[in-house]
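Load the model in your viewer and keep the selection panel at hand. Each stop below gives a selection and what to look for there.

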Amino acid sequence: MKKLIPYGQHYLDKADRKAVDKVLRSNSITQGPLIEKFEKKIAKYVNSKYAVAVSSCTAGMHLSLLACGIDKNKKVLTSPITFVSTANVIKFCNAKVDFIDIDKKTLNISLDILKKNFLDKKKKIDAIIPVHFAGNAVDTKKLKKILNKNTYIIEDGAHALGSRYKDGTMVGSCKYADTTVFSLHPVKTIACGEGGVITTNNEDLYKKLLRLRSHGINKLDDKFLNKKNAFTDKKINPWYYEMQELGYHYRLTEIQAALGISQMNKINKFLNKRRKIAKTYTAYFLKKLNQINFETANHFDIKLSSNHLFVIKLHIDKIIKSRAQIMNELKEKGILTQVHYIPVPTHPYYSKEKKFSNINNALKYYNSCLSVPIYYTLSVSEQKYVINQLENIIK
């Protein structure tokens, strides 16, 4: 194969380019009407009341924590198997972070471990960020039931735009969570170059998120606090706005929103193709390769997942080559794979603290996992090539 096959890749068509070109030829390329249109499109798709577009998923999680009042006196839990940003945003708020070990089968946080190690011991938990790993939804309904009512649930849905819970409810509907945050990075379900979207059903959180994403200023409907400066002859001064709290520059642009709207028009096509690829991989690996342990994927419901990643677990003790060797040999064949993820507590910044909970399941998973290519334009012949080369290299 002359063509390089990445583990993930975005897809853009003429409609996407036309949408962006239209914005570039308009009078507004930053905070214009397309931002709100995109937000409404996302909210309608996931069935939430509100959506707030931001500069990244990381920004969205950061603002969600701030909007929920998380600060230096608070404690937040999350998964060790995630990108570092999920834990970093907790640090941004000067809050305390700890990790719930993963379930061996779902690869999401283990609710049993959460209950045994934290809830039964009555440890204080102010918020939790469950990660819908690879698009496989955490049982947030069950999570909400076992948590204290005062514990905020902020879902890391970076992988999960288009995913559903077991009851068919969309991830992002916030039926069981305070906020959900999606990523618009190029390898995610839809691509905006960069960007993120927060969904919520809480009007107070919504208004606070609007302020926080733009320097603490909301020009839409906030009541002015300094009425002396705000009004002249009982009329609002045309130049006037108020910074009512400390906020950030976390805005999305019109260019990105235009691309997002166009991409959302194709989301069902994207999801259906990923589902088809995941089914093909599952059928083959379960049947053919006894060197590959597939117990985790057996517990992924392909129909409910966005299938953002396709992860296999290598039985390293049965294979004469290391995972690094396998990845390098695949790369020589034009196939790029990845490891998702290095457990967050093992990174130097976090490991120096040495105060975190046990993550044995996460470490065992990390030592055997490998993400193989899955994306919209991956052809049948390319997928067969990936399968055949992987089998040849392992055997």
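Which residues of strand E12 (residues 369-372) point one way, and which the other way? Select the strand in this predicted model. Cys 369 and Ser 371 point one way, while Leu 370 and Val 372 point the other way. Each of these four is buried. In a regular strand, side chains alternate between the two faces of the sheet.

E11 and E12 run antiparallel and are joined by four bridges. Look across from Cys 369 in E12: Lys 313 stands opposite.

Next, select strand E1 (residues 50-54). Is E1 largely enclosed or exposed? Five of its five residues are buried, so E1 is largely enclosed by the rest of the structure. Turn the view to check both faces. Tyr 50, Val 52 and Val 54 cover one side, and Ala 51 and Ala 53 the other. Now show strand E7 (residues 196-200). E7 runs antiparallel to E1, with five bridges between them. Thr 199 in E7 is the residue opposite Ala 51.

Move on to the charged pairs. Side chains of opposite charge can pair when their charged atoms come close. How many salt bridges does the structure hold? There are 15.

Select Glu 382 and Lys 3. Their closest N and O atoms are 3.3 Å apart, and the two form a salt bridge. Glu 382 sits in helix H14 (residues 380-394) and Lys 3 in the segment before helix H1 (14-24), so this pair ties together parts that are 379 residues apart in sequence. Glu 382 counts as buried because its relative accessibility is 5%, where the cut-off is under 20%. Lys 3 is partly exposed, with a relative accessible area of 43%.

Select Asp 98 and Lys 75. This salt bridge spans 4.0 Å, N to O. Asp 98 belongs to strand E3 (residues 96-99) and Lys 75 to strand E2 (residues 75-78), so the pair ties together parts that are 23 residues apart in sequence. Asp 98 is buried, at 5% relative accessibility.

Glu 329 and Lys 321 come next. They form a salt bridge with closest N and O atoms 3.0 Å apart. Glu 329 is partly exposed, at a relative accessible area of 25%. Then pick Asp 13, Asp 16 and Lys 266: salt bridges that share partners join these three into one network.

Now look for the nonpolar cores. In soluble globular proteins, nonpolar side chains tend to be buried together. The largest core here has 75 residues. Start from Leu 65, Phe 133, Tyr 281, Phe 285, Ile 312 and Leu 390, which have the most contacts inside it. A second, separate core has 27 residues, including Ala 43, Ala 160, Phe 182 and Ile 261.

A search of the whole structure finds two cavities of 30 Å³ or more.

Last, turn to the second largest pocket, with about 480 Å³ of space. Its lining has 22 residues, and Thr 106, Ala 137, Val 138, Asp 139 and Lys 166 are the closest to its centre. What kinds of residue make up the lining of this second largest pocket? Seven are nonpolar, seven polar and eight charged.

Key:
Residues numbered from 1 in each chain as written. Predicted model: local features only at pLDDT ≥ 70, side-chain atom pairs only at ≥ 80, totals over all residues. Heavy atoms only, no water. Buried < 20%, exposed > 50% of the residue type's maximum accessible area, 1.4 Å probe, protein only. Helix = DSSP H or I, 4+ residues; strand = E, 2+ residues; numbered from the N terminus. Pairing = 2+ DSSP bridges. Salt bridge = Lys/Arg side-chain N within 4 Å of Asp/Glu carboxyl O. 1 Å grid on protein atoms, 1.4 Å probe; cavity = no way out; pocket = protein on both sides within 12 Å on 5 of 7 lines; lining within 4 Å. Points joined across faces, edges and corners; volume = space filled by probe spheres on them. Core = buried A, V, L, I, M, F, W, Y, C linked by side-chain atoms within 4.5 Å. Nonpolar A, V, L, I, M, F, W, Y, C, P; charged D, E, K, R; others polar.
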